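Trainee: I would like to learn how to read helices, ring pairs and cores from a model. Can we work through one together?

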Amino acid sequence: MLNRLKQKWKVGPLQLFLILCTFAIGGSLSGYLGRQLMSTLRIGNTLLYTIIYIVLVTLIWPLMVLGVSIIFGQYAFFKKYLSELLRKLTKKRTNNQ
């Protein structure tokens with residue numbers, strides 16, 4: 001699996017390690033920051049809390065990953081990765097898909 005990621009992303013073993021660390025730390029920071037922000041809202045409804053939390057973490061995640069990627073020297077990779085992800089999410093679907 002790791003070899004497939006190295007080939008797909010065209011990176012070496014050290015860069016793959018740094019990318020995976022960036023994903024892990026950025027995701028953890030997103031969850032932590034999301035919980036901190038949600039605690040200030042004091043929402044009693046569990047369903048509403050969950051929905052808002054998921055949306056909040058989804059919006060925070062790219063910022064956290066980019067911030068962590070600067071520290072690990074992987075900013076160029078993640079800028080390209082997030083641009084491609086955004087392009088895929090906003091791409092209009094054709095009738096065949």
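Mentor: We will take helices, then ring pairs, then a core. This is a predicted model, where local features need pLDDT of at least 70, side-chain atom pairs count only at pLDDT 80 or more, and totals for chains, interfaces and linings use all residues. Residues are numbered from 1 along each chain as its sequence is written, and side-chain values use heavy atoms, with hydrogens and water left out.

Trainee: What span should the 29 residues of α2 have?

Mentor: Helices are DSSP runs of H or I, at least four residues, numbered from the N terminus. The expected span is 1.5 Å times one less than the number of residues. For α2 that gives 42 Å, and the end C-alpha atoms are 42 Å apart, so the two agree. Just after α2, arginine 42 takes a positive phi of about 50°.

Trainee: Which residues of α2 are buried?

Mentor: Buried means under 20% relative accessible area, exposed over 50%, partly exposed in between, with a 1.4 Å probe and protein chains only. The buried residues of α2 include Leu16, Ile19, Ser30, Gly34 and Met38. The buried residues of this helix pack against α1 (2–9), α3 and α4. Take serine 30: its relative accessibility is 0%. Contact means heavy atoms within 4.5 Å. Leaving out residues up to four places away in sequence, serine 30 touches Val57, Ile60, Trp61 and Met64.

Trainee: Which residues does tyrosine 53 touch?

Mentor: Tyrosine 53 lies in helix α3 (residues 46–72). Not counting residues up to four places away in sequence, tyrosine 53 touches Gly31, Gly34, Arg35 and Met38. The C-alpha atoms of tyrosine 53 and methionine 38 are 6.9 Å apart.

Trainee: How many aromatic pairs are there?

Mentor: Rings of Phe, Tyr and Trp (its six-membered ring) pair if their centres lie within 6.5 Å; planes under 30 degrees apart are stacked, over 60 edge-to-face, the rest tilted. The count comes to ten. Phenylalanine 23 is in α2 and tyrosine 81 in α4 (residues 75–90), 58 residues apart. Tyrosine 81 is partly exposed, at 26% relative accessible area.

Trainee: Which residues make up the largest nonpolar core?

Mentor: In soluble globular proteins, nonpolar side chains tend to be buried together. A nonpolar core is a set of buried Ala, Val, Leu, Ile, Met, Phe, Trp, Tyr and Cys residues joined through side-chain atoms within 4.5 Å. The largest here has seven: Trp9, Val11, Leu16, Ile19, Val65, Phe77 and Phe78. Two or more residues come from each of α2 and α4.
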